[in-house]
Amino acid sequence: MNEVVLQTQLPLKLFKKGKVRDVYEADDMLLIVATDRISAFDVVLPNGIPHKGRVLNMLAKFWFGFTKEIIANHVITTESVEIVSQINVLKEYEGMLKNRATLAKKTRPLAVECVVRGYLAGSGWKEYQEKGSICGIKLPEGLKESQRIPFPIFTPATKADTGHDMNISEEKMVEIVGEKIGQEIKEKSLKIYETTCEYAEERGIIIADTKFEFGLCNDEVILIDEILTPDSSRFWPKDDYVPGKPQNSFDKQYVRDYLESIKWNKKPPAPVLPEEVVKKTTEKYIEAYRRIIGEDFKKNQT
Ligand SMILES: Nc1ncnc2c1ncn2[C@@H]1O[C@H](COP(=O)(O)OP(=O)(O)OP(=O)(O)O)[C@@H](O)[C@H]1O
Ligand SMILES: [Mg+2]
């Protein structure tokens, strides 16, 4: 089945339903299912984007593999056959789960979001304009919006249950997670960003900034959640990159343009997207997959 998946209802305990992913619990594991939901301006839209969930899950899987020498991660398996053989009640869902789900070790998540920025955008750009620094890191004067920062910076944030995450200083982060772990997650975050950003840029995608989460598994700090997807990062098409203004989003450009064009007030409920916008958006996700993984995405997967 290659149907669009907007909701899942698996016979497991629901751990968390995010904007895009449905996360379930099974013993000491989590099953993270990437649906085809899409959000814009923090609101989930009524349409699904065909293939989006699989693209996101497979991108995260690719990057977890790519970074495994830098740090261990939570992935147990992304093979649906293995998932259903470990969790018997999922047998009849194998087709839906194929390439869409990650079975992961359940960890104790650290209560900070590890943001790395290579370019000035979003809340980083806002803070720089006000203070000339981001999260207490002084930056050179005269940088323009979307400009590359001379060196990638680590700008932690707290995880907010509602509303937006709040940028915090490194000292504040250390108060939350402790000195040793604080140093470790900073170093790892920067290292992961540097290697993956270089790789993506060679393939035409600028990862302007990104967010990592870490968790403790038997006292070891490991990488969790999703990594380096367009949902957890700002992806910009390198071809169109011009500093001095906001950049087009690699994946959501058509969606945002459409929503701006009809002057939606950005409050729920969100309007239905026209078929053409949905189609072009699917193409962008598939293009991101092709560029990063270096193979064509197979639409017929089950
Ligand atoms: N291996 C793991 N161990 C424990 N918790 C995890 C693990 N991987 C991910 N998580 C947690 O699972 C949750 C996934 O939620 P999800 O990202 O889908 O929604 P959200 O963060 O609430 O909202 P959004 O949709 O805006 O991202 C996060 O709280 C994340 O920290
Ligand atoms: Mg999240």
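Me: How is the shell around ligand 1 divided by class?

Reply: The shell contains 6 nonpolar, 4 polar and 7 charged residues. Nonpolar here covers Ala, Val, Leu, Ile, Met, Phe, Trp, Tyr, Cys and Pro; charged covers Asp, Glu, Lys and Arg; the others, Gly among them, count as polar. Please note that this is a predicted model, in which local features need pLDDT of at least 70 and side-chain atom pairs count only at pLDDT 80 or more, while totals for chains, interfaces and linings use all residues. Residues are numbered from 1 along each chain as its sequence is written, and chains are lettered from A and ligands numbered from 1 in the order in which they are written.

Me: Which residues surrounding ligand 1 are the closest?

Reply: Gly 18, Lys 19, Arg 21, His 74 and Ile 224 are the closest of the 17 residues around ligand 1. A residue is near the ligand if its C-beta atom, placed from the backbone, lies within 6 Å of it. Strands S2 (21–26), S7 (101–105) and S15 (205–217) each supply at least two residues of this shell; strands (E, at least two residues) and helices (H or I, at least four) are DSSP runs, numbered from the N terminus.

Me: How many residues does each domain give to the contact between them?

Reply: The centres of domain 1 and domain 2, taken over C-alpha atoms, are 23 Å apart. The contact takes 15 residues from domain 1 and 15 residues from domain 2, where contact requires C-beta atoms, placed from the backbone, within 7 Å. On the side of domain 1 that touches domain 2, helix H1 (52–66) and S7 are the elements giving two or more residues, and H1 gives the most, with 6 residues. By class, that side has 11 nonpolar, 3 polar and 1 charged residues.

Me: Why is the protein chain described as compact?

Reply: The protein chain holds 8 helices and 17 strands. Its radius of gyration is 19 Å, close to the 19 Å that the globule rule gives for 302 residues, so the chain is as compact as a globular protein of that length. The radius is taken over C-alpha atoms, and the rule is 2.2 Å times the number of residues to the power 0.38.

Me: Is Glu 82 buried or exposed, and why?

Reply: Glu 82 lies in helix H2 (residues 80–86). A residue is buried if 20 or more other C-beta atoms, placed from the backbone, lie within 10 Å of its own, exposed if 12 or fewer, and partly exposed in between. Glu 82 has 12 such atoms within 10 Å, so it is exposed.

Me: Is Glu 3 buried or exposed, and why?

Reply: Glu 3 is placed in the segment before strand S1 (13–17). With 11 C-beta neighbours inside 10 Å, Glu 3 therefore counts as exposed.

Me: What makes Asn 99 buried or exposed?

Reply: Asn 99 sits in the loop between helix H3 (94–97) and S7. It has 20 other C-beta atoms within 10 Å, so it is buried. Asn 99 also has a positive phi of about 60 degrees, although it is not a glycine. Most residues other than glycine have a negative phi.

Me: Why is S7 said to be largely enclosed?

Reply: Of the 5 residues of S7, 4 are buried, so S7 is largely enclosed by the rest of the structure.

Me: In which sense do strand S3 and S7 pair?

Reply: Strand S3 (residues 29–34) and S7 pair in the antiparallel sense over 5 bridges, and pairing requires at least two bridges found by DSSP. In this pair, Ile 32 has Thr 102 as its bridge partner in S7. Strand S6 (residues 75–77) is joined to S7 by 2 bridges, and these strands also run antiparallel. The partner of Thr 77 in S7 is Leu 103.

Terms used: Domain bounds come from an automatic or database domain assignment. Two residues are in contact if their C-beta atoms, placed from the backbone, lie within 7 Å.
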